[in-house]
Amino acid sequence: PAPMVGGASPDDAGGPPHPKTTLAVTNTVDEFMSSGLLQAEGQQVLVVAHTEAISRVLAQLHAKRLSSCIVTLSSGQQESFDCMDFGAYLLEVVLPTSGGRTSSLEDWAATKRKLLKVATEPIRKALRSERRSSGDRSSASSLGSRGRAASPRMTAAELRRLDANAGLSRLVQLFKGQRAVPICHDGELCRMVVPGDVLELCLSVMEEGKARLERTTLAEVMETCPSMLSTLEITEHQSLVQAMQLMRDAHVYVAPIVAGPPDMDGSPGGVARRDSRDPNESGERGMLVGQFDIASLRALFLKTPQSADDGESDPGQWWWEDSSITTNILAETCMDFLALGPSSVMDDCAPHAAAVLSSEPLSRAISRAIATTYQSVVVYEMDASSRT
């Protein structure tokens, strides 16, 4: 709980900077926002009706660069929805389960028809509570990204809001159960706070705190909190639908893509779990190729930008309806999926990855994490094993 300094920016009227204020975790969230340490308009709050079409919600998430929103149900209760929910629902549609067995991915024409149907369905069908009531098993059987059972979907009673007058320490505690915390001011939702916002606060700690972050290595934190790491890796040859299955089952939102053979363990959805001490590990196997964020799926339902040189393009069609796309996009690798869409659609989904050594200071790991789209880094241990 190192003290932080805020209020160094000039006010809106162009006057002198506000006096610097020393704050600690015991101060309120409102004080952190007022000081500028937590931007009041940083993470927007998107609230949609349960009848809103899935495609429209995803398009709004993409436009606002958000990964989650709040859905208001017919009862007035609210539930959170994120791209992991959409990915899990999409898997249920394209890979239906019958008699305990999951079907195979169909050809592109059949898959395209399913995607077109999903685009018009109301967002409530993709909510985990809705799918659980219809027999969804994934939330009960999946493993958490930190090696424990994944938390159930937060419903209205569980998606806990936080009043801006509550202390910052209370905000941090809520992240143990949810990936985003809605902040209320005078009873009104004013912003969403995500873990990356708290990491950014580490850049404003006072000199004593900075020295502590510099002295502490990432390896020390890994030993103390091993649950902060995910060991899930996706090989560059695995398809998008395989990656979605692995990430859903492990409840992992971001995974590194590594070089490796098509089926490292001989199964269609094989996951690479390597031990760098294996003397057989050599060459390019395991080399980091990129990262895949489940939030990239929000670009699935975006329209094709009309080209002035193409009189036949239809600005009303989804980008994957273009006649030039003849293969099943869900059967493509993650990297190829990101390359298939028009650049104006996929620019925000670039597969670049940030990496750090476990021997580096914690401060460097934090700064690199918050500078990336994924707000995560791939960690290379001293023996060259990579873990996110």
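Which residues of H11 are buried? They are Leu240, Val241, Gln242, Ala243, Met244, Leu246, Met247 and Ala250. Buried means under 20% relative accessible area, exposed means over 50%, and partly exposed lies in between (1.4 Å probe, protein chains only).

This is a predicted model: local features need pLDDT of at least 70, side-chain atom pairs count only at pLDDT 80 or more, and totals for chains, interfaces and linings use all residues. Residues are numbered from 1 along each chain as its sequence is written, and side-chain values use heavy atoms, with hydrogens and water left out.

**Helix H11**

H11 is mostly covered, with eight of its eleven residues buried. Helices (H or I, at least four residues) and strands (E, at least two) are DSSP runs, numbered from the N terminus. The cover over the buried residues of H11 includes H3, strand E11 (234-235), E12, strand E13 (288-293) and H12. His251 follows H11, and its phi is positive, near 55 degrees.

**Nonpolar cores**

A nonpolar core is a set of buried Ala, Val, Leu, Ile, Met, Phe, Trp, Tyr and Cys residues joined through side-chain atoms within 4.5 Å. The largest has 58 residues. Phe81, Phe86, Leu300, Phe301, Trp320 and Ile329 have the most contacts inside it. At least two residues of this core come from each of helix H2 (54-63), strand E4 (68-72), helix H3 (83-94), helix H4 (108-120), helix H11 (240-250), strand E12 (254-258) and helix H12 (334-340). H3 gives the most to this core: eight residues.

Take Leu300. Leaving aside its neighbours within four places in sequence, Leu300 is in contact (heavy atoms within 4.5 Å) with Phe86, Leu90, Leu115, Trp319, Trp320, Ile329 and Phe337. A second, separate core has 18 residues, including Leu23, Met33, Phe175 and Val181.

**Arg298**

Arg298 lies in the loop between E13 and H12. Is Arg298 buried or exposed? Arg298 is buried, at a relative accessible area of 7%. A polar atom of its side chain lies 2.5 Å from the backbone oxygen of Leu66. Setting aside neighbours within four places in sequence, Arg298 is in contact with Leu58, Leu61, His62, Arg65, Leu66, Ser67 and Cys83.

**Charged pairs**

Side chains of opposite charge can pair when their charged atoms come close. A salt bridge is a side-chain nitrogen of Lys or Arg within 4 Å of a carboxyl oxygen of Asp or Glu. The structure holds nine salt bridges.

Glu52 is partly exposed at 22% relative accessibility. Arg56 is partly exposed too, at 48%. Glu207 is exposed, with a relative accessible area of 61%, whereas Lys210 is partly exposed at 34%. Because Glu207 and Lys210 are three residues apart in helix H9 (residues 207-215), about one helical turn separates them. An α-helix has 3.6 residues a turn, so residues three or four places apart point the same way. Asp249 is partly exposed at 38%. Salt bridges that share partners also join Lys117, Glu121 and Lys125 into one network.

**Cysteines**

A disulfide is a pair of cysteine sulfur atoms within 2.5 Å. By this rule the count is zero. Cys202 is partly exposed at 22% relative accessibility. Cys225 is partly exposed at 35%.

Conventions
Polar contact = N/O pair within 3.5 Å; in protein donor to acceptor, adjacent residues only side chain to side chain.
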